[in-house]
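Open the model in your viewer and keep the selection tool ready. We will go to the contact between the chains, then to a pocket.

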Amino acid sequence: MASNAALDIRVPSDVQQIAGIVAQVVRRCRECRFAGRQLTLNVPVALTEALSNAILRGNGDSAGKHVRVRADVTELRLVLEVEDEGDGFDLEACTLDPTTVENRSREDGRGLFLMRSLMDRVERFRGDGNVVRLTLVRR
Amino acid sequence: MSLQVSKHGDVVIVEVDGQLIVSNRQELKQRVLDEAEAGVRKVLIDFAKAGYIDSSGLGVLVSLAKRLRELGGDLRLANLNDDLQTLFELTKLDSLFQIADTRERALESF
């Protein structure tokens with residue numbers, strides 16, 4: 001499928017990079033006429049979670065490492081890939097349900113849940129590094 | 001993100017302007033903890049000018065609510081937009097916080 005608005009960048013592993021990357025992806029989604037709610041909620045929150053996981057967990061908050069972000073945006077859907085230098089993780093095993101009474105007051109453990117709630121599909125696999133792929137159908 | 005802090009009686013109001021995410025959540029946490037350290041027990045966070053919140057931001061709110069309740073106070077929230085309301089409902093955090101439609105109603109609730 002031809003990309004209307006592709007992005008492929010490699011950035012230092014630093015949480016201060018997140019806002020700028022999110023802004024670039026949201027801009028491309030806006031150009032492809034994604035719904036307002038997808039631009040203000042689904043894409044920014046899910047991508048922030050994926051980047052945060054990659055930087056803090058995958059790369060262990062190590063400043064010398066990098067994160068690669070690929071975004072393929074068309075008027076049908078967004079496919080995002082966030083790649084870190086870590087060993088990867090088991091998506092199913094690591095996803096907590098933060099809505100249970102015992103987990104509700106936890107300070108952590110909502111990231112993967114939010115990613116999976118706000119995207120149509122979340123996958124994890126080995127590429128050159130550890131890749132999390134997020135897919136969102138345009139509405 | 002920037003924070004505007006004001007006082008209304010014994011309530012400290014913290015207005016969040018912009019996104020509350022992993023890269024800036026410590027600013028909010030430290031600011032409220034500093035107020036608690038100075039004796040403040042009632043804190044209202046106003047999200048009227050806020051952008052989106054990620055799981056780290058939500059975690060900070062949970063952490064601050066716990067701390068203030070341990071001290072005999074409380075953390076209350078106001079002016080969540082539809083996106084933020086959705087996040088709180090998805091995570092069931094709407095059952096953990098007292099959330100008001102307006103700042104005035106939140107202040108009355110203390």
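## Stop one: the interface

Start where the chains touch: 26 residues of chain A and 23 residues of chain B take part in the contact. Keep in mind that this is a predicted model. The two chains bury about 2,000 Å² between them. Carbon and sulfur atoms account for 63% of that area.

Now select A:Arg37 and B:Asp83. They form a salt bridge, with the closest N and O atoms 2.4 Å apart. How many salt bridges cross the interface of chain B and chain A? There are two. Polar contacts between chain B and chain A come to nine residue pairs.

Next, color the chain B side of the interface by element. Strand S3 (42-53), helix H2 (55-70) and helix H3 (82-90) of chain B each give two or more residues to it. H2(B) provides the largest share, six residues. By type, this side of chain B has 10 nonpolar, eight polar and five charged residues.

## Stop two: the largest pocket

Move on to the largest pocket, which holds about 660 Å³ of space. Select A:Asn53, A:Arg57, A:Asp108, A:Gly109 and B:Ser55. Of the 35 lining residues, these are the closest to the pocket's centre.

Then show the elements around the pocket. From chain A, helix H2 (36-58), strand S3 (77-84), helix H5 (111-118) and strand S5 (130-137) each supply at least two lining residues. Which element gives the most to the lining? H2(A) does, with eight residues. Finish by coloring the lining by type: 12 residues are nonpolar, 13 polar and 10 charged.

Notes. Residues numbered from 1 in each chain as written. Chains lettered and ligands numbered in written order. Predicted model: local features only at pLDDT ≥ 70, side-chain atom pairs only at ≥ 80, totals over all residues. Heavy atoms only, no water. Contact = heavy atoms within 4.5 Å. Buried area = accessible area lost by both parts, 1.4 Å probe. Salt bridge = Lys/Arg side-chain N within 4 Å of Asp/Glu carboxyl O. Polar contact = N/O pair within 3.5 Å; in protein donor to acceptor, adjacent residues only side chain to side chain. Helix = DSSP H or I, 4+ residues; strand = E, 2+ residues; numbered from the N terminus. Nonpolar A, V, L, I, M, F, W, Y, C, P; charged D, E, K, R; others polar. 1 Å grid on protein atoms, 1.4 Å probe; cavity = no way out; pocket = protein on both sides within 12 Å on 5 of 7 lines; lining within 4 Å. Points joined across faces, edges and corners; volume = space filled by probe spheres on them.
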